[in-house]
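Work through the exercises below with the structure open. Try each task before you read its solution.

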Amino acid sequence: MSTVSDKVALKGCEFLLKESTWLDAYGPEDFNEEQLMIQSMVREFNEQEVHTRREKLEKLEEGLNEMLLEKMGELGLLGSHMPEQYGGMDLDFNTNSIIAEEMGTTGGFSVSYNAHTGIGMLPILYFGTEEQKSTYLPKLLTGEWKASYCLTEPNSGSDALAAKTKAILSEDGSHYVLNGQKMWISNAGFANIFTVFAQVDGDKFTGFILDKDMPGLTLGAEEKKLGIKASSTRQVFLENVKVPVENVLGEIGNGHLIAFNVLNTGRYKLGASCLGGYKKLVEVSAKYANERHQFKVPISSFGAIQHKLGEQTIQTYVSESAIYRVSNLINEKIKELKAAGKSNAEAKLEAAEEYALECSIIKIVGSEVLDYVVDEAVQIHGGMGYSEENPVAQAFRDARINRIFEGTNEINRMLMVNVLMKRAMKGQLDLMTPVMAIQSELMNGTSASDTDYGTYADEKEAIKGFKKCLLLVVGAAAQDVMSGKLNLKEEQEILTNLSNVITQIFMAESVLIRTEKIKERGQHKVDFEVYESAMKTYFHQSRFVIHQNAVEAVMAFANDSMVGGLLKSVAAFSKYRVKDVKTLRRTVAASVIKEEAYCL
Amino acid sequence: MNLLVCISKTPETTAKIGFTDGDSKFNEEGVQFIMNPYDEWYALVRAIELKESVGGKVVAINVGPASNDVVIRKALAIGADEAVRINAQPQSAMTTAKYIADYAKEGNFDIVFLGKETIDYNGSEVGSMLAEYLDLPFFSYASKLEMDGSKAIITRDVEGGQETAEYTGSFVLSAAKGLAEQRIPNMRGIMMAKRKPLNVIEPTITEDLSVVVKYELPEAKSGVKMLDADDMDELVRLLHEEAKVI
Ligand SMILES: Cc1cc2nc3c(=O)[nH]c(=O)nc-3n(C[C@H](O)[C@H](O)[C@H](O)COP(=O)(O)OP(=O)(O)OC[C@H]3O[C@@H](n4cnc5c(N)ncnc54)[C@H](O)[C@@H]3O)c2cc1C
């Protein structure tokens, strides 16, 4: 299955500096028989048990989330990512991505599932003592106990470390007394276990494991939410809750490590879960567009609708390529770390940390493509899409949360550039050499290289240019930072522009290498032309997105003497021969209209 | 108990159906296959339940090419102990029944299960032919099967009601809805499936007695026609000439 094992896998952020080839690509066409069987098993479970209860779930009918989680436990789905010693299956990361994707079709229930198996369990696996792990994990894996994670407070959301909940050690040193208020806690309504963050001695941010029967722990009413109504979200009040010292999670003052580290995997999984949601929406959109007639023809015969179906599919294909690429990077890294003697938990934690920037990309892309696809799905349905009788309306409401939790997309955009800069400063990533190479290339006026790229020369050349474009702007900004002219941290608009360029590069490269792989291995399910058309349309768009963001960034910081030269170089590097994207999109649309499903 | 379950592969229910070779052959290209639901949900699961309650062994059997192994392994994932694939392209109910019978004769099976029909060809023939070849009684369309010691109590769906029969000894049974409830394979089952035996055997020689010469799809329905509410003459004409209902 894996062809990259004897190659050194790309490190985090390194895609910006190194070339990847089709041998590095990974996608659903590479799933093995077991993975496909697991995929169809999760599908069967969702169809039989979850989708059939949609209306009851939406009403948050009592006991339903719990029952479904327990059934998933019986099937082994709650511990698919956990070590065998606690009753898990310890399946590889790629297989767990498949499960996350499938669960993404279940609306609010997927939040219950994700909160339980992600932020609910992982802190204990990563940071728990052996005793804590063997007390909690086996019961969480079977679903007998349900978990929640309490970080956010009324006055601290994005600024999570500013939490005010206090923990004070009792005089005899046997327990901590917790006081405070947590907000927006998923699964709170039925959770047995609450991982709570509080400040010890006022400033030592620390994690604690609480259980629901501890006196003083009470719950607020269910929040009245815009979407994911099937998910329980409540406030958690802590009034003189006595928590034994054995229930401290990790070390005193190390709560930030727990809080931030579980988020990397969480962000990746959120993206993968969104993918499952929008793949289904492509199908629903295509079916409706074929069924619905206006002006005596199916609306799928209209160019405006084909544009939507085409674009929905292209965005899905491209993001799928990026999502499974990251999945496989993490997968390979975990294997590598385990082979080097790391424990299961350490390997997973470190691998996700390595790809923190890529995980942020996936979180942003997954949630934003979902919002695009679901919005157009409603539009294709016209008035029917606005009716609560139709699941598309629910999907529209459910989608929106994904840009907010697991770190808002704004926070993730800032974080992405932050990770890149930090690694460069620490010398983990050599940004300066390529930046200088570009500067000297520009000074010496070297023209386009005569590298023989083989297949997809235009796209490969374009990717090279896109990367240069980013490095050029980052290099120029870094110079201004060093000379004290620019305080980049305070210029979030510029950071946003840079993160958009980084994201676009990752996506374009991912779809390029995957498309070439599919071609090389003959893995296409529909005419290969469809894949190629999707890729080319995306490159055409990328050129403009990258150009626009780079120009905006340059205009925001460059002084008069620099700006002209920078803009010229930006234009030279954000190049790709424009395409007749109308025709390309129609080619893609034709295949979804025929198959009535996402078919790439 | 020693139980044999015949499983077959059918196109997934939403697959687009087309034909090749002058409409005499089903076009498999691009079609996703699943285990025939009557075989999987009812026959196989009931066999596994019996084994779980009284002990024994469940063997799943399929007549088909190597590409069917995926479907066969699903039966192993759900809980069959071992599987046999008779390496032949299924031609007709008769050859399929003969191949299976030739295998089953040697196996000393207490019950041979199969689904009441496949959801593609809806032949409902293999069961009775198999019983004939094996010289065993055949209970078709069974919606309930209980064991009372060595006695089997079988409830069959008959037109407008039910019929209950008792039998002691080996028999062939075709499963209808109600015999069991669908089981989703669990993760452990899926991981174990690869480790269970899947034996491939060559078919015995059998000559077919009939061949399919042609398949036809139902005619595509035309769209709804909207008429002016006052235009009675046109309505009558259309009902008469196009819909041919009056
Ligand atoms: C349905 C739901 C379920 C949730 N489940 C959980 C859970 O189980 N456990 C848990 O602990 N939390 C949970 N949360 C909380 C969630 O993680 C937070 O809502 C989220 O982190 C944002 O915090 P906030 O709501 O306080 O928004 P704020 O932080 O107030 O943000 C408001 C806006 O300001 C922007 N902003 C904030 N800071 C910056 C900055 N530095 N730079 C630029 N822009 C900024 C944000 O991007 C956003 O657009 C849940 C929330 C919801 C709605």
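**Exercise 1. Find how far apart the centres of domain 1 and domain 2 of chain A are.**

Solution. Take the centres over C-alpha atoms: 44 Å separate domain 1 of chain A from domain 2 of chain A. Domain 1 covers 148-255 of chain A, and domain 2 covers 431-595.

**Exercise 2. State which scores the model has.**

Solution. This is a predicted model. Start with the whole: ipTM is 0.84 and pTM is 0.92. Then turn to chain B. Its average pLDDT is 90, and 99% of the residues score at least 70.

**Exercise 3. Work out how strand 2 of chain A pairs with strand 3 and with strand 4 of chain A.**

Solution. Begin with strand 3. Strand 2 (residues 166-169) and strand 3 (residues 175-186) of chain A are antiparallel, with 4 bridges. Leu169(A) stands opposite Tyr176(A).

Go on to strand 4 (residues 193-200) of chain A. Strand 2 of chain A runs parallel to strand 4, and 2 bridges join them. Here Lys166(A) stands opposite Gln199(A).

**Exercise 4. Describe the contact between chain A and chain B.**

Solution. Count each side. Chain A gives 14 residues and chain B gives 12 residues. On the chain A side, helix 1 (33-50) and helix 3 (64-75) are the elements that give two or more residues. Helix 1 of chain A has the largest share, 7 residues. Finally, sort the chain A side by type: 7 nonpolar, 3 polar and 4 charged.

Conventions: Residues are numbered from 1 along each chain as its sequence is written. Chains are lettered from A and ligands numbered from 1 in the order in which they are written. This is a predicted model: local features need pLDDT of at least 70, side-chain atom pairs count only at pLDDT 80 or more; totals for chains, interfaces and linings use all residues. Domain bounds come from an automatic or database domain assignment. pLDDT is the predictor's confidence in each residue, from 0 to 100. Two strands pair if DSSP finds at least two bridges between them. Two residues are in contact if their C-beta atoms, placed from the backbone, lie within 7 Å. Ala, Val, Leu, Ile, Met, Phe, Trp, Tyr, Cys and Pro count as nonpolar, Asp, Glu, Lys and Arg as charged, and the others, Gly among them, as polar.
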